[in-house]
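User: I'd like to learn how to read a protein model feature by feature. Could you walk me through this one?

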Amino acid sequence: MLPVFSGPAPNPVAKHAKTRCTDVSGRFAGDESARVASFRKAYFRTVSLMMDAIETAAPGPPRSNVIIEARGLRKVFRLGGETVEALRNVSLDVFTGEYLSIMGPSGSGKSTFFNMVGGLDVPTAGSVRVHGIDLKTLSQVQLARFRCLKIGYVFQSYNLIPVQTALQNVMLPMLFLGTPPSEAAKKAASLLSEVGLGDRLHHRPDQLSGGQQQRVAIARALANDPSIILADEPTANLDLHTGQEIIEKLASLSRERGVTIISATHDHKMLSVSDRIVWVRSGEIERVEERKDIKIEVGTIE
Ligand SMILES: Nc1ncnc2c1ncn2[C@@H]1O[C@H](COP(=O)(O)OP(=O)(O)O)[C@@H](O)[C@H]1O
Ligand SMILES: [Mg+2]
């Protein structure tokens with residue numbers, strides 16, 4: 001039987017303060033105007049449903065401390081004549097405020113799990129509840145809105161808009177919500193200072209190092225105060241030292257802001273800051289460990 005963990009959170013933190021909406025998943029690289037237009041369109045389509053979408057969705061049974069419940073997740077990809085079972089019956093609870101690492105070799109299903117949990121893709125079978133809401137009960141618009149409200153995304157390749165400055169990149173999710181530019185700029189500057197880039201506000205991504213770009217991406221993920229940050233291989237493009245800095249930054253966000261961090265990785269540096277580690281292999285959970293039980297060795301799994 002696959003492990004389902006429903007005990008008390010190892011690092012319970014009070015539910016995070018009021019969230020605001022952003023639709024920046026950071027997934028759409030490329031042409032700026034297309035990206036801006038796409039964000040604007042999503043925003044205007046969703047804004048009329050803003051406050052009732054989540055309240056009208058059927059809430060699940062209240063389970064204190066559990067922020068994400070995944071049950072019996074399966075994902076089958078069909079490509080040409082080939083079938084890939086990327087996830088096979090994965091069940092897991094994620095606790096509010098914890099730093100959870102999903103560890104496993106390349107191709108083990110980390111990103112697939114991540115995409116299900118983040119509402120970026122739909123499972124072939126099974127369910128995901130976030131804040132007690134079953135994601136499959138939400139319409140596309142509600143889901144977009146829900147992601148906006150609750151989740152910040154950080155990706156391996158940063159996914160910043162190349163022609164915009166660090167400040168503009170971080171402001172964007174707030175502007176899409178109609179936050180006044182002066183307020184958005186002030187908050188963006190403050191977030192960039194928080195990630196150590198107070199002196200790089202007006203640099204474009206190509207004028208920043210990889211680690212700095214990833215810190216901009218983290219600041220952008222925080223723009224609308226999400227309760228969850230999903231970070232998919234956030235250190236994969238970084239050297240050892242810079243990767244360590246990013247990991248520590250994510251860990252401090254978890255501690256200081258009470259944000260739940262879920263990081264998919266095969267970077268063993270992540271072990272030392274994780275409250276729990278979920279080891280996956282061939283689309284299944286192999287085991288789940290608490291930090292105190294982990295023997296830490298720096299390295300990566302190939
Ligand atoms: N869109 C897709 N179409 C077909 N196969 C896919 C797709 N995405 C992932 N896969 C396959 O699913 C498996 C798990 O992939 P993934 O979740 O990306 O692994 P990881 O993130 O651990 O490297 C791999 O065998 C991969 O080739
Ligand atoms: Mg991956």
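Analyst: We'll go from the overall fold to the sheets, the core and the ligand site. This is a predicted model, where local features need pLDDT of at least 70, side-chain atom pairs count only at pLDDT 80 or more, and totals for chains, interfaces and linings use all residues. Residues are numbered from 1 along each chain as its sequence is written, while chains are lettered from A and ligands numbered from 1 in the order in which they are written.

User: How many helices and strands are there in the protein chain?

Analyst: Helices (H or I, at least four residues) and strands (E, at least two) are DSSP runs, numbered from the N terminus. Here the protein chain has eight helices and 10 strands.

User: Next, the sheets. What is the order of the strands in the open sheet of six?

Analyst: In general, strands of a sheet pair through backbone hydrogen bonds, either parallel or antiparallel. Two strands count as paired if DSSP finds at least two bridges between them. In this sheet the order is S6-S7-S8-S3-S9-S10, with mixed pairing. Strand S6 (151-155) and strand S10 (284-290) are the edges, each pairing on one side only. Strand S9 (residues 276-281) runs antiparallel to S10 over six bridges, and there Val-278 stands opposite Val-288.

User: Which helix packs on that sheet?

Analyst: Helix H8 (residues 240-257) does, touching strand S3 (99-103), strand S7 (228-232) and strand S8 (260-265). A contact means that C-beta atoms, placed from the backbone, lie within 7 Å. The direction of H8 makes about 155 degrees with that of S8; such axes are lines fitted to C-alpha atoms, for helices over the stretch in contact, with angles running from 0 to 180 degrees between N-to-C directions.

User: And the sheet of four strands: what is its pairing?

Analyst: The pairing is antiparallel, in the order S2-S1-S4-S5. Five bridges join S1 to strand S4 (residues 125-130), with Val-128 in S4 as the bridge partner of Ala-70. H3 packs on this sheet, touching S1, S2 and S4.

User: Now the core. Which residues touch the most other members of the largest one?

Analyst: Nonpolar side chains tend to be buried together in soluble globular proteins. A residue is buried if 20 or more other C-beta atoms lie within 10 Å of its own, exposed if 12 or fewer, and partly exposed in between. A nonpolar core is a set of buried Ala, Val, Leu, Ile, Met, Phe, Trp, Tyr and Cys residues joined through C-beta atoms within 7 Å. The largest core has 76 residues, and Ile-102, Val-117, Val-170, Leu-192, Ile-229, Leu-230 and Ile-261 touch the most other members. Its largest share, eight residues, comes from helix H5 (residues 166-176).

User: Finally, which residues are around ligand 1?

Analyst: A residue counts as near if its C-beta atom, placed from the backbone, lies within 6 Å of the molecule. Those around ligand 1 include Phe-77, Val-84, Gly-107, Lys-110 and Thr-112. Strand S1 (66-79), strand S2 (82-95) and helix H3 (110-117) each give two or more residues to the shell, and H3 has the largest share, with three.

User: Is Gly-107 buried or partly exposed?

Analyst: Gly-107 is partly exposed because it has 13 other C-beta atoms within 10 Å. Gly-107 sits in the loop between S3 and H3. Its C-alpha atom is separated by 9.9 Å from that of Val-280, 173 residues apart along the chain.

Technical notes
Two residues are in contact if their C-beta atoms, placed from the backbone, lie within 7 Å.
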